[in-house]
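Welcome, and please have your viewer ready. We will walk through a few selections together, one stop at a time.

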Amino acid sequence: MSVAAETPAAVQAPGRDRVRASAVAVGTVGTPMLMVAGLALANGGSEPTQWGWATLLLLWAGTTGVLLSRLDLAWFDVVFLGGLVALLGWVAASLLWTNDVSHTLDEIQRVAVYPAAGLAAVGLGSRRGLPQITAGVWAGGTIACSWALATRLLPGRFGVFDSTTASYRLTDPFPYWNMLGGLAGLTLVLALGLAVRSDALWLRCLAAATMPGLALTLYFTFSRGGFAATGIALLVVLALDPGRTRLATEGILLAAIPAAAIYAASRRDGLTRRDAGLASAVSDGRQIALLLLALTGLAVILVLALRVAERRIRLSSDLRTAWTVILFGGLVAIAAVATIPRGGPVDVARDTWHSFNGGPAGTVDGGNLTDRLFDASSNGRKELWTVALDEWRDHPVAGGGAGTFTAALYARNDRVFDTENAHSLYFETLGELGVVGLLLVLLVVLTPLAAGIRARHEPLAATALGGFVVIVAQAAVDTDWESPAVIVSALLLGGAVVAAARGKRLPVGPVGRGVLVGFAIVLGALSAYALSANRAIDAASAASETNPCAAIADARRAADRMPWSARTWQALAGTYVNAGDPVGARAAYARALEQAPTDFRLWYSSGAVQDPAGAGAAFARARELNPHLKPDGAIAPFVPADFPPVKCS
């Protein structure tokens, strides 16, 4: 009787376990995929509203993992997540000494996304979860890169065609091509690792099938930093992966397919020249799209052939050693021989250094953008880094405050070009947050690298770490830190490697879970509050011209919720202008300038609603903050006839 009663439960238990395991796997894959793809397709997650949603969703995913999974943390987890939380805390602490409260508050909102991503990685991560998170990030990156590539190959159906100057470098859906290049490089490294090292044959085939498209996406950004960071990451993967000989052998064979795609695309003027016309772009894009389909199928066939070869070919230990020596020795020899036309490795290194210190990279009008991939010029970055170093010398320990680099740059008479960032995470952090901030960033960067060495024998650990390395390497020379889509991708991979390296566990009882959940609740509440204000700003902007009264109400609501943000008062000023109320606009601009006194754009805009004397004073102050401003006549004054008064109840 007892046996009969226990049998159904015994039968059902494995079924419940399988269902639970499947649900966990779906969540572990789906969360990274949706977050990466969603943020990337939403302009790279560059808007304040997107910061709030991203933070809340990542906190929800991380809290779910903390509460429902068997949470066994190790010191790597504590250091990684603790470093991200401490970095956010230091950014917030800079409110005490910043000269621009508004921009510092914006930085707090954006940086809040990153510890939320760390919590999600720690909560979802484990040795078993490492391949799932890796696959999820790869899938999300592939979705975003596929959309981007479609805008280049099918310009008549996707996106907006523009081949002028730098705009013809593939950018959409990101605000900056190098951000897309970083995500494409990261995803390409993951695709290669999955195509060679994954256990599931279907996943190997699917990953290999995406490699030509991902390589083309990276190529069409013409991002020198993206290509260089991808190369560095591949070297890291080969150095750490215990199956490096197989990875290199099969990787070289698979890489021939995306290389063929890039070569074919480089021969199409309609896809690579700044003076390309729409008809040429459509024709060349269609041809490369058809070639891409053929290469995708060829990649799948090659993976199947490699799988057969893996099962049938067995090399002795001596032959494997000999092949390893020949393979890697040959790669080094090929690299050395390739430098001979330019005088050898030493001369190439010297020329590269001189080029880095030389003029900006680029091509003449109508030139092939491929040429810039072989130009090592810093393109003005050295000057930007000098500004960051000057700011650091003035505030060596704590920096000038988060978000203050822009004002420091525009105040200089020798400014090279207009930008918001130092084009280096490390230099900008040093200038804005001082030595303390830089040490916290390095702590976050180095922890996954140390964990990757420990976890190198885990499946796909080297691959996931390679994806992380793409971004931390490119962030040294580009603005990846400003794109949550890119940084969240890297942090999920870095956190997954950290989780896979767990050795001696730390006791995480109810108190430990409570601390993590409490942190998530506090950060989530603050993010939700900021999100409500940012949504009100968006609503005011959307209704500003069609319904001025509703726009004023939304902007006032935003200003009431975040009176310390210049953006809320600037939005309110804009609604007053559209409602024909220059007096209200002046008052709103005055409040905005109290929060962001170093923002020359605010001073410049406020001059349009002032009387002649006030306009002159506002422009003079803007000119002090940005000596390169145009003459006074560039200000478009407020004309009442253009904005008839609107009475709102």
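**Before you click**

This is a predicted model, in which local features need pLDDT of at least 70, side-chain atom pairs count only at pLDDT 80 or more, and totals for chains, interfaces and linings use all residues. Residues are numbered from 1 along each chain as its sequence is written, and side-chain values use heavy atoms, with hydrogens and water left out.

**Stop 1: the whole protein**

Show everything as a cartoon: the protein has 25 helices and zero strands. Both are DSSP runs numbered from the N terminus, helices being H or I with at least four residues and strands E with at least two. Of the 649 residues, 51% count as buried, meaning under 20% relative accessible area with a 1.4 Å probe, protein chains only.

The accessible area is about 28400 Å², and carbon and sulfur atoms account for 66% of that; the area comes from the Shrake-Rupley method with a 1.4 Å probe. Contacts (heavy atoms within 4.5 Å) are worth a look too: among those between residues at least 6 apart in sequence, 76% join residues at least 24 apart.

**Stop 2: α6 and α7**

Select residues 129-153 for helix α6 and residues 177-197 for helix α7; their axes come within 9 Å and cross at roughly 130°. That angle makes α6 oblique to α7. Oblique covers whatever is left after under 35 degrees (roughly parallel), over 145 (roughly antiparallel) and 65 to 115 (roughly perpendicular). The axes are lines fitted to C-alpha atoms over the stretch in contact, with angles from 0 to 180 degrees between N-to-C directions.

Next, show side chains. The α6 side of the contact includes Thr 134, Trp 138, Gly 141 and Cys 145, while the α7 side includes Leu 183, Thr 187 and Leu 190. By class, this contact has 13 nonpolar, four polar and no charged residues; Ala, Val, Leu, Ile, Met, Phe, Trp, Tyr, Cys and Pro count as nonpolar, Asp, Glu, Lys and Arg as charged, and the others, Gly among them, as polar.

**Stop 3: Gly 141**

Stay in α6 and centre on Gly 141. Is Gly 141 buried or exposed? Gly 141 is buried, at 0% relative accessible area. Beyond neighbours within four places in sequence, Gly 141 is in contact with Val 36, Leu 183 and Thr 187.

**Stop 4: Ser 606**

Finally, jump to helix α24, residues 600-606, and pick Ser 606. Ser 606 counts as buried because its relative accessibility is 1%. Leaving out residues up to four places away in sequence, Ser 606 touches Tyr 589, Leu 593 and Ala 618.

Technical notes: Buried < 20%, exposed > 50% of the residue type's maximum accessible area, 1.4 Å probe, protein only.
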